[in-house]
Amino acid sequence: MSKVSLREKRLKNGRRGLYLDFYPPISGIGGKSTRREHLKLYVYEKPRTQTERNENRETRLLAEHIRSQRQIALQSSPHGFVTSQSKNLDFKSFLAAVADMKASLARTTRQRWITLQGHVNEFSSGPLKFRDIDKTFCSQFKDYLRDRAGLSSSSASAYFETFRSALKLAREKRLLSENPADGIKMIKATSAAREYFTLKELKALAGAECKKPDLKRAGLFSALTGLRWSDIEKLTWSEIRSSKEMGDYIAFRQKKTG
């Protein structure tokens, strides 16, 4: 019986590349036999921080998920190339594995992947095989995000772009023969009108009861300074300053724009 093993190769940059080892060899692109498939996934050889250790763990989880899919595909079609059976694999499981891999990235980026899972589940209940994802599915999902998901145009555009990224990654991992979202236009994001609190509304907010005092203080701090949550989260005491000329002020670099 064919066996697929996950292996690592030491690289010169202090990382290890992950690849799949097939035994016996499989028929690859162009009919040539091959034993290796490089996953283009990398881990730190000697992780120094918790973030690097978390990234290693999530990357290996994704690699193991791909390995198990390849094993299933080979068992289903012992004489065909791996991707010939990928259409029967579960897209939602792949999407969840990618979201886990994003754990070491910015919170907003990872949250976008997690929220995308919710929209995919809402749009398509039950199992979703790769064979079900064609241009029609992509167009209908785009329409759902734009018209029925209750999202702003900018949010709908961001989620559809993330969906396209997932399909692109699946294509790179040979789970799809092509990206069915190619050629489908992006959702056009329109600039939303900027809303702001009046002084009266801010006073009402300050006097309102809240079961979570920290949340209330954070909300007031954001409203009074105009800072995004991502900037507040990384703020340090050294960035809170005071001078005779300027009084109290905050000196910092925005995370989103730099």
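Tutor: The model is a predicted one, and the part to look at is helix H3, residues 107–123. Some context comes before the detail. The protein has 8 helices and 5 strands. Read from the N terminus, the order of elements is β-β-β-α-α-α-α-α-α-α-α-β-β. Of the 258 residues in the protein, 34% are buried. Among contacts between residues at least 6 apart in sequence, 54% join residues at least 24 apart.

H3 has 17 residues, which at 1.5 Å a residue should span 24 Å, and its end C-alpha atoms are 24 Å apart, in agreement with that. The buried residues of H3 are Trp-113, Leu-116, Gln-117, His-119 and Val-120. Seen down the helix axis, these buried residues fall within an arc of 170°, so they line one face of H3. The face of H3 turned away from the buried side carries Arg-107, Thr-108 and Glu-122, which are exposed.

What does the buried side of H3 pack against? The partners are helix H2 (91–101), H4 and H5.

Val-120 of H3 is buried, with a relative accessible area of 2%. Leaving aside neighbours within four places in sequence, Val-120 is in contact with Lys-92, Leu-95, Leu-128 and Phe-141. One of these, Lys-92, is 28 residues from Val-120 in sequence, while the two C-alpha atoms are 8.0 Å apart in space.

Gln-117, also in helix H3, has a relative accessible area of 18%. The cut-off for buried is under 20%, so Gln-117 counts as buried. With neighbours up to four places away in sequence again left out, Gln-117 is in contact with Leu-95, Ala-96 and Ala-99. From Gln-117 to Phe-163 the separation is 46 residues in sequence and 9.3 Å in space, C-alpha to C-alpha.

Now the packing of H3 with H4. In general, two packed helices are described by the angle between their axes and the distance between the axes. Here H3 and H4 (residues 135–148) pack at an angle of about 110°, and their axes are 11 Å apart. The two helices are therefore roughly perpendicular to each other. On the H3 side, the contact is made by Leu-116, His-119, Val-120, Glu-122 and Phe-123. On the H4 side, the residues are Phe-137, Gln-140, Phe-141, Tyr-144, Leu-145 and Arg-148. By type, the residues of this contact divide into 7 nonpolar, 2 polar and 2 charged.

The 14 residues of H4 should span 20 Å at 1.5 Å a residue, and the end C-alpha atoms of H4 are 19 Å apart, which agrees. Phe-137, Cys-138, Phe-141, Lys-142, Tyr-144 and Leu-145 are the buried residues named in H4. They cover an arc of only 155° around the axis, which puts them on the same side of H4. Asp-147 and Arg-148 are exposed on the other side of H4. Arg-148 is also one of the H4 residues that meet H3. The cover over the buried residues of H4 includes H3 and H5.

H5 covers residues 153–172 and contains Ser-157. Ser-157 is buried, with a relative accessible area of 13%. Not counting residues up to four places away in sequence, Ser-157 touches Met-186, Ile-187 and Ala-189.

Tyr-23 and Pro-24 are joined by a cis peptide bond, with omega about -5°, and Pro-24 is in strand S2 (residues 15–27). Lys-40, in strand S3 (residues 33–44), has a positive phi of about 60° although it is not a glycine. Lys-40 is exposed, with a relative accessible area of 59%.

Terms used. Residues are numbered from 1 along each chain as its sequence is written. This is a predicted model: local features need pLDDT of at least 70, side-chain atom pairs count only at pLDDT 80 or more; totals for chains, interfaces and linings use all residues. Side-chain values use heavy atoms; hydrogens and water are left out. Axes are lines fitted to C-alpha atoms, for helices over the stretch in contact, and angles run from 0 to 180 degrees between N-to-C directions. Helices (H or I, at least four residues) and strands (E, at least two) are DSSP runs, numbered from the N terminus. Angles under 35 degrees count as roughly parallel, over 145 as roughly antiparallel, 65 to 115 as roughly perpendicular and the rest as oblique. Contact means heavy atoms within 4.5 Å. Ala, Val, Leu, Ile, Met, Phe, Trp, Tyr, Cys and Pro count as nonpolar, Asp, Glu, Lys and Arg as charged, and the others, Gly among them, as polar. Buried means under 20% relative accessible area, exposed over 50%, partly exposed in between (1.4 Å probe, protein chains only). The expected span of a helix is 1.5 Å times one less than its number of residues. The arc is that of the directions from the helix axis to the C-beta atoms.
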